[in-house]
Amino acid sequence: MTVIARFEVIPVRDGSLSDGIAQAIEALEEFDVSYELTATDTVIEADDVDEVFDAVQAAHNAVESDRIITSLEVDDYQNRDQEADDRVESVASVLGREPKRDR
């Protein structure tokens with residue numbers, strides 16, 4: 001993969017946001033992307049930036065709410081294949097352990 005991005009789709013309303021976020025995640029299934037939902041955002045990977053933009057737009061449009069805030073950060077490394085897991089593994093190798101801790 002050459003494009004790694006993070007995005008969040010936030011339906012602005014009272015109560016739980018889970019239904020709206022689930023709608024956004026479900027929309028990603030129509031695209032040739034990898035994704036992982038985290039507690040605060042979604043990391044998405046694709047072979048080209050257009051696929052990322054299209055998938056995030058579909059995720060935004062899938063949310064049923066009167067107001068939706070979507071933010072997107074894209075890392076389009078055009079001269080090298082990259083995957084999000086590679087970045088995590090690189091930090092883990094420097095730390096000598098997994099970069100995670102439970103309280």
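Reader: Which elements each supply at least two residues of the lining of the second largest pocket?

Author: In this predicted model, the second largest pocket is lined by 14 residues. Among these, E8, V9, I21, T40 and D41 lie nearest its centre. The elements that each supply at least two residues of the lining are β1 and α1 (18–27).

Reader: Which element provides the largest share of the lining of the second largest pocket?

Author: The space in the second largest pocket is about 180 Å³. By class, its lining residues divide into nine nonpolar, three polar and two charged. The largest share, four residues, comes from β1.

Reader: How much space lies in the largest pocket?

Author: The largest pocket has 17 lining residues, and those closest to its centre are E36, V43, A84, D85 and V88. The lining comprises eight nonpolar, two polar and seven charged residues. The space within the largest pocket is about 470 Å³.

Reader: Which element gives the most to the lining of the largest pocket?

Author: Two or more residues of this lining come from each of β1, β2, β3, β4 and α3. With four residues, the element that gives the most is α3.

Reader: Which residue takes a positive phi just after α3?

Author: Just after α3, a phi of about 80° is taken by G96.

Reader: What is the order of the strands in the open sheet?

Author: The sheet has four strands with antiparallel pairing. Its edge strands are β2 (34–37) and β4 (68–76), each of which pairs on one side only. From one strand to the next, the twist averages 20°. The strand order is β2-β3-β1-β4.

Reader: What angle does the direction of helix α2 make with that of β4?

Author: Helix α2, residues 49–62, packs on the sheet. The strands that α2 touches are β1 (3–11), β3 and β4. Its direction and that of β4 make an angle of about 165°.

Reader: Which residue is the bridge partner of L37 in β3?

Author: Strand β2 pairs with β3 (residues 42–46) in the antiparallel sense, over four bridges. Within that strand β3, the bridge partner of L37 is T42.

Reader: Which residue in β3 does A5 stand opposite?

Author: The pairing of β1 with β3 is antiparallel and runs over five bridges. In β3, the residue opposite A5 is I44.

Reader: How many bridges join β1 and β4?

Author: Strands of a sheet pair through backbone hydrogen bonds, either parallel or antiparallel. For β1 and β4 the sense is antiparallel. One of the bridges sets P11 against its partner I68 in β4. The number of bridges between β1 and β4 is nine.

Methods:
Residues are numbered from 1 along each chain as its sequence is written. This is a predicted model: local features need pLDDT of at least 70, side-chain atom pairs count only at pLDDT 80 or more; totals for chains, interfaces and linings use all residues. Side-chain values use heavy atoms; hydrogens and water are left out. Two strands pair if DSSP finds at least two bridges between them. Axes are lines fitted to C-alpha atoms, for helices over the stretch in contact, and angles run from 0 to 180 degrees between N-to-C directions. Contact means heavy atoms within 4.5 Å. On a 1 Å grid over the protein atoms alone, a cavity is a set of points where a 1.4 Å probe fits but cannot get out, and a pocket is an open set with protein on both sides within 12 Å along at least five of seven lines; lining residues have an atom within 4 Å of a point. Grid points are joined across faces, edges and corners, and a volume is the space filled by probe spheres set on the points. Ala, Val, Leu, Ile, Met, Phe, Trp, Tyr, Cys and Pro count as nonpolar, Asp, Glu, Lys and Arg as charged, and the others, Gly among them, as polar.
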